[in-house]
Amino acid sequence: MEIALEEDQDIARIARTIKVVAMVGLSPNEARPSWGVARYLQARGIRVIPVNPGHAGHKILGETVHASLADIPDEAGVQMVDIFRRSDAVAGIVDEALAQLPDLTVIWTQLGVRDDRAAERARRAGKIVIQDRCPKIEFPRYP
């Protein structure tokens, strides 16, 4: 019960303060959940930086797609990484985020996506970790 309350408090803080998100696995296909979540975040005034090696150099929702987190310039100020990949890809993404993003405060994995060992590494590095949840579902509770 206490863990759920603490996570809800973290989500409220994230919803109210995060301004720049790198979305790993963002699809250019408007029918994909990642596209809908990215569009929702943009509508809330959050900059969404797409990360998808298959579409690097193109644009999704007006933003240039990067092949990896390491390709995003530090001055972009990425505060949160939202992971739209399978659970077995999370560890590598978390490690890259921790190494490459100086302004990172949050690691978020989408519904059905989790890696408890990678989450623990991120928490030990002082990051907030939310797993198996969707900001498009969670953020409307916190205007």
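User: What should I keep in mind about the model and its numbering?

Analyst: This is a predicted model, in which local features need pLDDT of at least 70, side-chain atom pairs count only at pLDDT 80 or more, and totals for chains, interfaces and linings use all residues. Residues are numbered from 1 along each chain as its sequence is written, and side-chain values use heavy atoms, with hydrogens and water left out.

User: Why is Gln131 called buried?

Analyst: Buried means under 20% relative accessible area, exposed over 50%, and partly exposed in between, with a 1.4 Å probe and protein chains only. Gln131 has 6% relative accessibility, so it counts as buried.

User: What makes the pair Gln131 and Asp116 a polar contact?

Analyst: A polar contact is a pair of N or O atoms within 3.5 Å; within protein, one must be able to donate a hydrogen and the other to accept it, and residues adjacent in sequence count only if both atoms are side-chain atoms. The side chains of Gln131 and Asp116 make such a contact at 3.0 Å. Gln131 itself lies in the loop between β7 and α5 (135-138), where helices (H or I, at least four residues) and strands (E, at least two) are DSSP runs, numbered from the N terminus.

User: How do you know that the buried residues of α4 line one face?

Analyst: The buried residues of α4 (residues 116-124) are Ala118, Ala119 and Ala122. Seen down the helix axis, they fall within an arc of 100°, so they line one face of α4; the arc is that of the directions from the helix axis to the C-beta atoms. On the other side of α4, Arg117 and Arg124 are exposed.

User: What do the buried residues of α4 pack against?

Analyst: They pack against α3, β6 and β7, where contact means heavy atoms within 4.5 Å.

User: Which strands are called edge strands of the sheet?

Analyst: Two strands pair if DSSP finds at least two bridges between them. Five strands form an open sheet in the order β2-β1-β5-β6-β7, with parallel pairing, and its edge strands are β2 (47-51) and β7 (128-130), each of which pairs on one side only.

User: How do you know that β1 and β2 pair?

Analyst: Strand β1 (residues 20-24) and β2 are joined in the parallel sense over five bridges, and the definition asks for at least two. Within this part of the sheet, Val24 stands opposite Val51 in β2.
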